[in-house]
Amino acid sequence: MFSEFLQFLFTGITIGATYALVALGFTIIYNASHVINFAQGEFLMIGGMATVSFMGMGIPMFFAIILAVLLACLVGVALQRLAIAPAKNADVVTLIIITIGASIFIRGIAQVVWGKDYHVVPPFTGNEPIRLGGAVLNSQSLWVIGIGAVLVVALIVFFTRTLIGRAILGTSMNKLAAQLVGIKTQMVLMLAFGLSALLGSVAGVTVAPITFTSYDIGILLALKGFVAAAMGGLGSGLGAVVGGLLLGIVESMTAGYISSEYKDAVAFSMILLVLFFMPRGLFGGRTVERV
Amino acid sequence: MLQRFIDWRMNYVLVLAIIVFVVPLLMDNPFYFDLATQILIIAATVVGLNLLVGYAGQISLGHAGFYGMGAYFSAIATTTYNWPPLLAIVVAAAVVGLIAYVVGRPILRLKGHYLSMATLAVGFIIAIILNNESELTGGPDGMSVVPLSLFGWELSTFGLYSMFGFEIPGHIAWYLVAGVLLLVAVVVAQNIIDSPIGRALRSIHGSEIAARTVGVDTTHYKSLVFVVSAIYASVMGSVFAHFTGFITPAIAGFDYSIVLITMVVLGGMASPMGVILGAVVLKLMPQFLAGFQEYETAIFGFILMATMIFMPKGFYPTAMNALRRKLGRYSGGEA
């Protein structure tokens with residue numbers, strides 16, 4: 001009974017850590033540019049798929065992952081330069097459609113390059129499961145949770161202790177003022193997209209040994225990440241992490257105790273409930289609207 | 001005479017009517033009629049969605065949910081429970097309208113990305129239910145639907161009908177019915193836009209707070225237009241179900257919601273002709289891209305992206321502005 005619960009909890013935290021990283025990716029881009037990047041899930045796809053193909057070329061796993069992450073960052077920066085920057089005065093709806101167009105485009109290219117099959121990334125370290133309180137914990141799950149935690153801490157340090165991190169924060173608070181004190185906001189925006197791609201692709205490659213990967217995994221992951229980010233309150237880093245973990249755990253509990261068919265509905269029912277009562281999410285910022 | 005026509009607020013409806021009824025003279029292949037009828041049906045849906053997105057400035061990323069609900073309500077009522085189709089369409093519209101009202105009240109308080117999130121969630125939940133309740137809906141495999149019929153007179157794409165002394169095959173008859181439906185949809189929408197409701201909606205688009213300050217009951221008007229656009233989707237979804245005779249939950253899914261809102265934005269928000277053009281372009285594009293085979297998806301995404309970057313106002317307003325500049329005269333009216 002308890003071991004069953006523990007099992008669902010482990011699964012939930014693992015997938016929740018992935019959602020949290022996707023949600024953080026949303027948050028960083030949202031803060032820097034007020035764009036919701038629906039192509040966020042494609043970074044996860046690129047992370048997993050490119051690793052598979054670099055390893056297929058005989059490159060050792062560690063370097064294959066680094067190359068894959070670099071590729072994703074490049075795509076992220078290109079996305080900002082070529083698609084978002086030229087449309088800076090567009091409506092919210094128009095920007096949403098641009099990023100959706102970008103995600104369809106990236107998915108289309110991936111389908112041509114990597115085909116429509118599922119691919120497997122080998123686990124980072126061995127296959128032996130760890131037994132804990134009667135539940136089984138996949139060693140790859142520890143990697144997912146561990147890397148997630150390291151990235152979150154690294155982000156906190158980056159945003160509070162480094163000049164570049166503070167420049168990004170400054171730009172997100174007031175773009176004009178940031179420009180006045182000499183921050184190159186254009187650079188900051190590119191950096192935000194690159195950083196967000198880094199988070200996404202790392203999440204994508206660490207979770208790939210558990211979930212498998214294919215050219216079309218991006219959409220649902222992006223939407224779940226968006227749910228997690230909105231649940232925590234758009235723009236809040238803490239909210240993104242809490243939202244992601246909460247979503248992963250509730251989803252896994254639903255699949256285990258109630259119905260696995262309605263697992264995906266949970267995310268969307270939860271976000272509706274949260275927004276009904278807290279229109280700005282759990283950790284949402286100010287409610288004052290400027291006229 | 002010409003000036004009066006140019007100033008007439010419904011002048012484009014006449015142009016549209018001429019286009020709709022001239023096009024069949026140029027086509028002879030049933031496949032084209034099938035495609036054209038689908039375009040007309042989806043165009044009418046998008047005209048309704050445009051009231052919400054284009055005029056009131058509210059985003060819906062889940063509108064296919066209402067379309068799918070209308071389609072499935074009609075399909076199940078007529079096929080499983082033998083209701084007459086017309087009754088099913090009307091009851092479906094009422095039920096969907098009620099659901100949209102109940103869901104819309106709390107959702108429409110949200111703004112911007114939170115609103116897109118919430119509408120997306122509603123659409124997703126509807127699609128998941130249609131997918132999973134397979135005893136009722138046939139699940140992911142879909143279900144077949146009986147043809148449209150009115151007082152025992154059945155309209156099927158395979159039938160043959162005599163009208164005004166002409167022999168009209170079923171696929172052309174369906175095209176004409178869908179064409180009339182689109183014209184009705186446009187006239188109703190234009191009347192809403194020109195009524196005080198339309199003015200209230202545009203004031204909400206401009207600035208919701210300003211609208212509220214001058215006494216516009218913004219909550220009321222937003223949920224009203226949400227319900228109206230959901231009813232449009234439901235009715236056209238029902239019609240689509242009877243037309244194709246077979247539906248799958250894909251018509252309620254997220255991808256389809258994106259298709260619908262893209263039609264609105266791509267063609268040109270807040271312009272009925274624009275969104276109809278958007279529907280035509282988006283529905284025809286896969287036909288032209290089919291020759292590129294495996295590159296189809298990538299090219300589609302690229303065109304979508306590029307159009308929105310370079311024509312953020314959409315095709316129709318951009319083309320109209322260029323045309324006006326060419327003619328060297330400025331007209332302030334909405335095209």
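In chain A, 75% of the contacts between residues at least 6 apart in sequence join residues that are at least 24 apart. This description rests on a predicted model. The secondary structure of chain A consists of 11 helices and two strands, and from the N terminus on the elements follow the order α-α-α-α-β-β-α-α-α-α-α-α-α. With a radius of gyration of 19 Å, close to the 19 Å that the globule rule gives for 291 residues, chain A is as compact as a globular protein of that length. Taken along the principal axes, a box of roughly 60 × 50 × 35 Å is filled by the C-alpha atoms of chain A. Of the 291 residues in chain A, 52% are buried.

Two packed helices are described by the angle between their axes and the distance between the axes. Helix α1 (residues 2–33) of chain A packs against helix α2 (residues 40–56) of chain A at an angle of about 130°, and their axes are 9 Å apart. That angle makes α1(A) oblique to α2(A), and the crossing of the two helices is right-handed. On the α1(A) side, V22(A), G25(A) and F26(A) take part, and they meet Q40(A), G41(A), F43(A) and L44(A) in α2(A). By residue type, this contact of α1(A) with α2(A) comprises four nonpolar, three polar and no charged residues.

Turning to the interface, 37 residues of chain A are in contact with 34 residues of chain B. On the side of chain A that touches chain B, at least two residues each are supplied by α4 (92–114), α9 (218–232) and α11 (263–277) of chain A. The largest share of that side, 16 residues, comes from α4(A). Nonpolar residues account for 28 of the residues on the side of chain A that touches chain B, alongside five polar and four charged.

M69(B) lies in helix α4 (residues 63–80) of chain B. Because 26 other C-beta atoms lie within 10 Å, M69(B) is buried. Setting aside neighbours within four places in sequence, M69(B) is in contact with V96(B), I126(B), S234(B), G237(B) and A252(B). As for R9(B), 60 residues away from M69(B) along the chain, the C-alpha atoms of the two residues are separated by 33 Å.

Conventions. Residues numbered from 1 in each chain as written. Chains lettered and ligands numbered in written order. Predicted model: local features only at pLDDT ≥ 70, side-chain atom pairs only at ≥ 80, totals over all residues. Axes fitted to C-alpha atoms, helices over the stretch in contact; angles between N-to-C directions. Helix = DSSP H or I, 4+ residues; strand = E, 2+ residues; numbered from the N terminus. Parallel < 35°, antiparallel > 145°, perpendicular 65-115°, else oblique. Left-handed = near helix turned anticlockwise from the far one by under 90°. Contact = placed C-beta atoms within 7 Å. Nonpolar A, V, L, I, M, F, W, Y, C, P; charged D, E, K, R; others polar. Rg over C-alpha atoms; globule rule 2.2 N^0.38 Å. Buried ≥ 20, exposed ≤ 12 C-beta atoms within 10 Å, placed from the backbone.
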